[in-house]
Amino acid sequence: MKNVVLLGPPGAGKGTLASRLVQAFGFLHVSTGDMLREEVAKGTPLGQLAHGYMARGELVPDEVILALVRQRVDARKGVLFDGFPRTVAQAEGLERFTSVDVVVFLEIGQEEVVRRLSSRRVCGACGAVYNLVTQPPREPGRCDRCGGPLVQREDDRPEVVARRFEVYMRDSAPLVAYYAQRGLLRRVPADRSPEEVFQAVAQILR
Ligand SMILES: [Zn+2]
């Protein structure tokens, strides 16, 4: 089994792809966002430490993130890293306790990301998520589940999506270059259906 890092801007379909890869290949899914929330909720020492930074609106330092990942992963193979590493420093830290075999970078243009994310709507009452293009509600503007009003989150407004995309591309560029230099980077076009993206990645992993 390989250790795989999944990279890509918001809206590239990382979440959908990650769950399909876990189903098909039996990966251990390591999402640092989920892990942080779990540790904080359980009140572990690392969770308490991380919570201090988050409560002050600061980034959780690399050492804390790395300790968290290490306790979950140790020397295991067959790990799918999702949302981690974020920086070259984290990538170097990761290599001190496990290896990375393939890095999949989902490539997508800003226009497509804006089109996808700005069509997202959430139910103001129960939080159910819809997409006006790919998963519309039965009745416009109303939640199928509870009848609540569908609203657009601030984060999904076109100008905010465009900004998030730019920030991601800028901040991830050194990490993408780092993995390219090591010959690990595989660029996968992500401006197509989830099924096509999954098939392309599955072929790389086989
Ligand atoms: Zn609802």
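**Entry 1: the five-stranded sheet**

In what order do the strands of the open sheet of five strands stand? I read the order as β2-β3-β1-β4-β8, with parallel pairing. β2 (28–31) and β8 (185–189) stand at the edges with a single partner strand each, so one side of each has no neighbour in the sheet. From one strand to the next the twist averages 25°.

I note that this is a predicted model, in which local features need pLDDT of at least 70 and side-chain atom pairs count only at pLDDT 80 or more, while totals for chains, interfaces and linings use all residues. Residues are numbered from 1 along each chain as its sequence is written.

For terms, I took helices (H or I, at least four residues) and strands (E, at least two) as DSSP runs, numbered from the N terminus. Two strands pair if DSSP finds at least two bridges between them.

**Entry 2: strand β1 and its partners**

I looked at β1 (residues 4–7) next. It pairs with β3 (residues 79–82) in the parallel sense over three bridges. Val-4 stands opposite Leu-80 in β3, and Val-5 stands opposite Phe-81 in that strand. Four bridges join β1 to β4, and these two strands run parallel. Here Val-5 stands opposite Val-103 in β4.

Which way do the side chains of β1 point? Val-4 and Leu-6 point one way, Val-5 and Leu-7 the other way, and all are buried. I used buried for 20 or more other C-beta atoms within 10 Å of the residue's own, exposed for 12 or fewer and partly exposed in between, with C-beta atoms placed from the backbone.

Helix α7 (residues 158–181) lies across β1, β4 (102–107) and β8, and runs at about 120° to β8. Angles run from 0 to 180 degrees between N-to-C directions, and axes are lines fitted to C-alpha atoms, for helices over the stretch in contact.

**Entry 3: a cis peptide bond**

I checked the peptide bond between Phe-84 and Pro-85 and found it cis, with omega about -10°. Most peptide bonds are trans. Pro-85 is in the loop between β3 and α5 (88–95).

**Entry 4: α2 against α3**

I looked up how helix α2 (residues 32–42) meets helix α3 (residues 45–55): their axes come within 7 Å and cross at roughly 110°. That makes α2 roughly perpendicular to α3 (65 to 115 degrees; under 35 is roughly parallel, over 145 roughly antiparallel, the rest oblique). From α2 the contact uses Leu-36, Glu-39, Val-40 and Lys-42, and from α3 Leu-46, Gly-47, Ala-50 and His-51. Contact means C-beta atoms, placed from the backbone, within 7 Å.

I then found three strands in an open sheet, ordered β6-β5-β7, with antiparallel pairing. Its edge strands, β6 (129–131) and β7 (150–151), each pair on one side only. β5 (residues 120–123) and β7 pair over two bridges, and Val-122 has Val-151 of β7 as its bridge partner.

Which residues of helix α6 (residues 110–117) are buried? I listed Val-113, Val-114, Arg-116 and Leu-117. They cover an arc of only 165° around the axis, which puts them on the same side of α6; the arc is that of the directions from the helix axis to the C-beta atoms. The buried residues of α6 pack against β5 and α7.

Note on methods: Two residues are in contact if their C-beta atoms, placed from the backbone, lie within 7 Å.
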